[in-house]
Amino acid sequence: MLNDKDAFLLVSDLTVIYTSRKKVVRAVNGVSFEMKKGETLGLVGETGAGKTTIAKSILRVLPDPPAKVLGGKIMLEGKDLMKVPEKEMLKIRGEKIAMIFQDPMTALNPLMTIGDQIIEGLKLHNNCSEAEAAQKAKELLEMVGIHAERFNEYPFEFSGGMKQRVVIAMALACEPDLLLADEPTTALDVTIQAQILDLINKLKVKYGISMILITHNLGVVAQTCDHVAVIYAGKIIEYGSKRDIFVNCAHPYTRGLFASLPSFSKDASRLKPIAGSMPDPTNLPLGCAFNPRCLSGIEDCNDSETPLIEISQGHFVRCCSVQQRDKFYASADRSQKSE
Amino acid sequence: MPALIEVKNLSKYFKVPAGMLHAVDNVSFTIEKGETLGIVGESGCGKSTLGRTMIRLQEATDGHIFLDGEDITHVSGNKLKEVRKKVQIVFQDPYSSLNPRLRIDDTISEPLRNSGLYARSELKERTSTLMDLVGIDVRLRQSYPHELDGGRRQRVGIARALAVNPEFIVCDEPVSSLDVSIQAQVLNLLMDLQDQMGVTYMFVTHDLSVVRHISNHICVMYLGEVVEMSPSKELFSSTLHPYTKALLSAIPSIDIDQHMQPIPLRGELSSPINPKPGCRFFPRCPYAKGGCIENPQVLEEVTTQHFVACHRVHEING
């Protein structure tokens with residue numbers, strides 16, 4: 001998966017733990033991926049899979065302690081973000097990389113007007129006067145569909161959807177190259193979600209922004225992303241283009257996710273859930289972390305680290321049974337040809 | 001035979017500094033025994049208030065609630081205690097609806113102790129039966145809520161609601177805080193329990209795919225009013241109200257070849273405080289016309305069992 005030296009963003013072997021007095025939580029366990037400029041990557045997975053931790057490590061805003069980045073590399077346009085001094089990182093945050101946080105209710109400062117909150121970043125990065133920044137902030141508000149007159153209002157005067165727009169305006173203020181959107185629509189109603197997704201898609205095209213979209217809503221991924229990485233217990237277990245994942249998904253977990261969705265078209269009386277729940281990240285099983293819940297498990301699963309294998313061009317899967325099946329088909333193909 | 005639940009012109013207003021907040025306004029429907037009614041709508045449309053008012057967690061401002069033909073709108077004292085044994089609720093958030101200081105078995109047996117239905121000596125056995133029923137390992141009976149994950153906590157909430165063998169359970173967004181794989185487990189559990197025990201549900205949610213899956217009838221609410229009500233499949237196959245249409249079109253499809261074309265709704269929900277007469281959806285409706293603001297919308301049976309509150313329903317769908 002990692003071959004392109006000129007990738008816009010390259011994350012390799014990222015490992016993050018959280019420590020408490022007694023326990024070590026293995027949140028991210030060797031995640032690697034790369035992105036091209038203008039691409040949208042969806043990070044999909046259940047609560048606690050490590051999605052948000054990945055995004056926060058890229059921005060280097062993980063609280064240390066308890067979080068600790070044990071290893072890995074994060075290269076943004078060839079620059080290693082892990083090695084950049086904090087002073088330079090301050091310039092990168094907001095200007096190069098911006099983040100839309102999950103919960104618009106808590107991401108805003110309740111004691112500052114929304115205008116001041118947008119201006120803060122603009123003044124810091126653009127070295128412009130108060131009046132210029134205010135002018136720009138008003139333009140941003142109009143762009144996300146909020147009247148500029150509401151510039152001096154406080155967050156409590158806005159509804160959830162409006163607050164999320166303010167957060168988006170803040171993230172876009174300095175025209176970042178990379179946008180990390182952490183569940184930007186999870187707290188919103190579907191009609192408002194549709195408006196926000198439409199807005200994000202338009203802005204992405206307008207500014208050529210690359211985006212990492214974190215969500216557990218597969219519908220949102222289908223409508224916005226180019227590539228998808230499915231995360232389970234801190235590892236990428238399947239990665240591929242949107243078509244690879246939504247039409248030809250191979251990992252038992254990904255297939256389970258799709259099977260457990262109630263469908264609009266089919267009239268199944270019972271859903272097919274994945275049995276059990278995610279393993280305790282303080283006590284991950286040996287071998288494949290999904291094995292305890294997996295229906296197609298084989299002997300190899302328990303043994304050792306399952307590698308991420310490319311099963312077709314650009315489609316990677318971390319699963320012993322899929323790999324064994326593929327090997328079987330490949331050898332069958334070969335024997336057929338030799339006959 | 002009367003329906004198990006009948007709600008007649010139920011209203012619930014809250015007094016706020018700015019005036020009267022119409023959370024639920026003149027809502028009527030019936031639920032047959034053993035069936036499920038789904039209530040859908042955006043946040044703030046009054047769906048949770050409706051559920052809470054129906055089971056008497058809040059006093060109704062106006063209207064009547066009948067349980068098995070008996071008016072329970074204003075019963076009190078011992079009579080209300082009897083009603084509580086028949087109607088129960090599963091709350092939205094399994095993290096805040098369980099007492100963090102009570103062990104699982106204490107949480108589940110609390111309604112048993114309060115109702116006096118079971119002798120003290122039977123409590124332990126009944127609790128184990130309930131835990132079995134909802135699929136929680138009996139070895140977890142001494143655990144505290146923080147030791148369980150969201151799916152298991154919601155199962156505890158369901159066991160607690162089932163404890164007194166109720167006839168009617170209001171499920172207030174029971175799966176919205178759960179991941180899809182866990183959500184499917186809980187939905188299956190609720191449906192199995194209905195098959196086994198014939199419980200009647202009112203399922204409050206904003207997730208339309210979930211509601212289609214579990215409900216016999218669906219009722220769509222907008223700003224405290226019912227705008228469309230029909231058998232669940234029909235609501236999806238022949239949607240009539242412009243709001244329901246917009247709601248359905250806004251669901252992002254998991255089919256990557258099918259591009260979402262949401263019907264744009266202007267702005268957001270208007271204020272439920274001192275609403276003007278006339279259609280409440282008017283400010284956002286793509287079909288709005290002069291006549292819509294003048295007259296109040298009345299729920300009209302357009303086809304059999306399919307009710308719509310829209311003046312222009314025949315023009316729009318004609």
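At what angle do helix α5 (residues 150-162) of chain B and helix α6 (residues 180-197) of chain B pack, and how far apart are their axes? I looked this up before anything else.

**Conventions.** I noted that this is a predicted model, in which local features need pLDDT of at least 70, side-chain atom pairs count only at pLDDT 80 or more, and totals for chains, interfaces and linings use all residues. Residues are numbered from 1 along each chain as its sequence is written, while chains are lettered from A and ligands numbered from 1 in the order in which they are written.

**Helix pair in chain B.** I found an angle of about 15 degrees between α5(B) and α6(B), with the axes 10 Å apart. Helices are DSSP runs of H or I with at least four residues, strands are runs of E with at least two, and both are numbered from the N terminus. Axes are lines fitted to C-alpha atoms, for helices over the stretch in contact, and angles run from 0 to 180 degrees between N-to-C directions. The two helices α5(B) and α6(B) are therefore roughly parallel, a term for angles under 35 degrees. I listed the residues that meet, among them B:Ile158 and B:Leu162 of α5(B) and B:Leu189 and B:Leu193 of α6(B); contact requires C-beta atoms, placed from the backbone, within 7 Å. By class, this contact has six nonpolar, four polar and one charged residues. Ala, Val, Leu, Ile, Met, Phe, Trp, Tyr, Cys and Pro count as nonpolar, Asp, Glu, Lys and Arg as charged, and the others, Gly among them, as polar.

**Sheet in chain A.** I traced an open, mixed sheet of eight strands in the order β6-β7-β8-β3-β9-β10-β12-β11. Two strands pair if DSSP finds at least two bridges between them. Strands β3 (residues 40-44) and β8 (residues 210-215) of chain A run parallel and are joined by five bridges. Within this pair, A:Leu41 stands opposite A:Ile212.

**Where the chains meet.** I recorded 31 residues from chain A and 31 residues from chain B in the contact. On the side of chain A, α7 (190-207), α8 (218-224), α9 (242-246) and α10 (252-259) each give two or more residues. That side of chain A divides into 14 nonpolar, 11 polar and six charged residues.

**Confidence.** For the complex, the predictor gives an ipTM of 0.80 and a pTM of 0.85. Chain B has a mean pLDDT of 89, pLDDT being the predictor's confidence in each residue, from 0 to 100.

Technical notes. Contact = placed C-beta atoms within 7 Å. Parallel < 35°, antiparallel > 145°, perpendicular 65-115°, else oblique.
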